Amino acid sequence: MAEQEPSPPSSLEGNKPGFPTSVLADKHEDKHLCTACQKILRRPFQAECGHRFCSYCFNRAVSSGPQKCSACIKEDIFEEPTSILKQGCAFPDNAARREVEGLAAVCPNEGCTWTGTVKEYERNHEGKCEFMIVPCPSCKELLRFNEQERHNERECPERTLNCKYCKEPFQFKNIKAHDEICPKYPMICEGCAKKKIPREKYVDHIKFCSKFRAPCRFHVVGCDMSVEKEKIHEHERACSYEHLNLLLHCIMGLKVNLEGMQPQSLELASHKIHELHQSLRDLEARVSKLTAAAAAAPVQGACAPAALPTSFTPLPSAGAAALELQLQSEKAKVAELGRRCQELELKASTFENIVCVLNREVERAATTLEAHNRQHRLDQDKVETLSNKVRQLERAVGLKDLTIAEMEGRLREMSAATFDGIFVWRISDFTKKRQDAIAGRAPAMFSPAKFAHNGFFH
């Protein structure tokens with residue numbers, strides 16, 4: 001019966017290379033080193049040549065086929081077939097394993113004070129030490145194992161955060177880019193200075209904000225003023241003359257451009273395109289005839305190709321290509337002219353609307369000015385009438401003053417005069433009044449008093 005070869009080491013028994021030499025508390029010996037990785041043996045296997053390998057290192061060496069043992073070659077003891085490494089030619093060296101696992105060990109990570117055996121290190125401490133240096137899975141920065149959580153939460157530039165406004169996740173390095181597009185990001189209105197306006201509502205806010213400065217509607221014709229919305233009508237009324245001048249210059253420029261695009265030039269371009277299309281169809285027909293003749297020439301005989309105008313054959317294709325290019329160029333020019341016409345028509349309609357609005361504003365301003373002028377004339381007439389009345393009253397007052405002065409003079413004269421005469425009382429209807437008195441009725445008597453002075457009645 002053939003001797004059963006030992007089974008190759010299982011990949012589950014060791015998927016790591018050897019332990020670092022710094023894990024040993026004492027100085028290591030060469031017999032404890034892997035021939036391949038030159039580290040402390042992990043799951044050691046011994047080849048037929050006597051050299052020891054980690055199970056991981058041996059599997060990797062023979063994975064691509066039989067290999068010569070580099071240690072045998074170096075020591076000049078190479079022999080076939082014992083120095084050939086291949087699957088099934090090595091066996092687990094349990095004695096070496098127990099010897100290695102019983103060695104005193106320390107943690108190779110700086111700052112760690114763990115001690116024990118190699119077996120305890122592999123089972124309980126390797127890969128779990130808080131002081132070991134590991135790369136961050138996101139940013140690849142090297143850090144201690146116990147600092148991973150803090151790094152991932154506070155320091156990693158690749159860490160993911162949730163926006164405090166819209167609650168959407170984003171990477172920390174993109175925080176500025178996210179703030180520029182976040183729909184919930186708070187903004188400040190440049191007009192009314194209102195704060196904490198979400199970006200998604202900012203456009204609606206400035207539409208109705210009366211303090212927001214917006215460009216004048218006539219900025220398309222050259223007005224560079226930015227005015228608050230509540231003052232836009234006042235600006236348009238105050239600058240209507242300047243706006244009309246800007247519109248005039250713009251409309252004159254459009255008129256010059258439109259005059260350069262006369263219908264005759266468009267008709268000529270269309271006619272030329274039609275002629276080019278006709279020429280292209282003729283050339284295609286000639287090319288198809290020549291192609292058919294060239295295809296039929298081998299059947300007719302060897303002398304048949306000589307009957308074809310060989311000097312003319314390359315011309316149709318070149319001419320067709322040139323005409324096609326020219327046609328494409330003309331089409332592009334016509335399309336460009338059409339586009340420019342549409343743009344000019346759109347601008348002209350816009351300017352017409354603006355001119356209509358300005359005309360209404362001017363008419364309204366003219367009507368208001370005329371009303372002010374009429375009111376001014378009425379006020380001037382009233383002022384003139386009142387001035388005349390004042391002058392008349394001043395003259396009447398002057399006459400009254402003269403009359404009063406004359407009466408005061410006469411009164412002084414009368415006060416100074418003395419009279420010596422008889423007071424005469426004149427009674428009208430004396431008979432009737434006498435009868436009333438006899439009957440007991442008291443009659444009322446009125447009569448101008450007259451004085452007799454020196455024999456005269458006054």
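I began at Asp-76, which at 69% relative accessibility counts as exposed. I am working from a predicted model, and I keep that in mind throughout. I looked up the backbone of Asp-76 and found a positive phi of about 60 degrees, although this residue is not a glycine. Asp-76 sits in the loop between H2 and S4.

I noted for context that most residues other than glycine have a negative phi, and that most peptide bonds are trans. With that in mind I looked at Lys-167, where phi is near 65 degrees, again a positive value in a residue other than glycine.

I then turned to the peptide bonds and wrote down that the one leading from Glu-80 to Pro-81 is cis, with omega near 0 degrees. Pro-81 is placed in the loop between H2 and strand S4 (84-85), the loop in which I had found Asp-76.

**Entry: the cavity**

Which residues line the largest cavity? I listed Phe-19, Leu-41, Arg-42, Arg-43, Pro-44, Arg-97, Val-100, Glu-101 and Glu-122. The structure holds one cavity of 30 Å³ or more, and the volume of the largest cavity comes to about 40 Å³. Sorting the lining by class, I recorded four nonpolar residues, five charged residues and no polar ones. Helix H3 (residues 94-101) contributes the most to this lining, with three residues.

**Entry: contacts among the cavity-lining residues**

Several names from the cavity list came up again when I searched for side-chain contacts. Arg-42 lies over the face of Phe-19, at 3.9 Å from the ring centre, and Phe-19 is also a member of one aromatic cluster together with Trp-114 and Tyr-121. Arg-43 makes a salt bridge with Glu-122, in which the closest N and O atoms are 2.7 Å apart. That pair links distant parts of the chain, since Glu-122 is in helix H4 (residues 118-125) and Arg-43 is in the segment before S1, 79 residues apart. I also noted a network of salt bridges that links Arg-42, Arg-43, Glu-122 and Glu-126.

**Entry: aromatic pairs**

How many aromatic pairs are there? I have four in the count. One of them joins Trp-114 to Tyr-121 in a tilted arrangement, 5.8 Å centre to centre and with 50 degrees between the planes.

Another pair, Tyr-165 with Tyr-185, is edge-to-face, with 5.6 Å between centres and 85 degrees between the planes. This pair links distant parts of the chain, with Tyr-165 in the loop between strand S10 (160-162) and strand S11 (169-171) and Tyr-185 in the loop between helix H6 (175-181) and strand S12 (186-187), 20 residues apart. I noted Tyr-165 as partly exposed at 32%, and Tyr-185 likewise as partly exposed at 28%.

**Entry: other salt bridges**

The count of salt bridges comes to twelve. Among them is the one in which the side chains of Lys-31 and Glu-99 meet, at 3.0 Å from N to O. Here too distant parts of the chain are linked, Lys-31 being in the segment before strand S1 (44-47) and Glu-99 in helix H3, 68 residues apart. I recorded Lys-31 as partly exposed at 41% relative accessibility, and Glu-99 as partly exposed at 36%.

In helix H11 (residues 314-416) I found Glu-370 and Arg-374, four residues apart, which is about one turn of the helix. Their side chains meet in a salt bridge with an N to O distance of 4.0 Å. Glu-370 is partly exposed at 36% relative accessibility, and Arg-374 is partly exposed at 42%.

**Entry: the pocket**

Last, I looked up the largest pocket, which has a volume of about 280 Å³. Its lining is made of 13 residues, of which Asp-30, Leu-33, Thr-35, His-51 and Glu-75 lie nearest its centre. By class I wrote down three nonpolar, five polar and five charged residues. Helix H2 (residues 70-75) gives the most to this lining, with four residues.

Conventions: Residues are numbered from 1 along each chain as its sequence is written. This is a predicted model: local features need pLDDT of at least 70, side-chain atom pairs count only at pLDDT 80 or more; totals for chains, interfaces and linings use all residues. Side-chain values use heavy atoms; hydrogens and water are left out. On a 1 Å grid over the protein atoms alone, a cavity is a set of points where a 1.4 Å probe fits but cannot get out, and a pocket is an open set with protein on both sides within 12 Å along at least five of seven lines; lining residues have an atom within 4 Å of a point. Grid points are joined across faces, edges and corners, and a volume is the space filled by probe spheres set on the points. Helices (H or I, at least four residues) and strands (E, at least two) are DSSP runs, numbered from the N terminus. Ala, Val, Leu, Ile, Met, Phe, Trp, Tyr, Cys and Pro count as nonpolar, Asp, Glu, Lys and Arg as charged, and the others, Gly among them, as polar. Rings of Phe, Tyr and Trp (its six-membered ring) pair if their centres lie within 6.5 Å; planes under 30 degrees apart count as stacked, over 60 as edge-to-face and the rest as tilted. Buried means under 20% relative accessible area, exposed over 50%, partly exposed in between (1.4 Å probe, protein chains only). A charge sits over a ring if NZ of Lys or CZ of Arg is within 6 Å of the ring centre and within 35 degrees of the ring normal.
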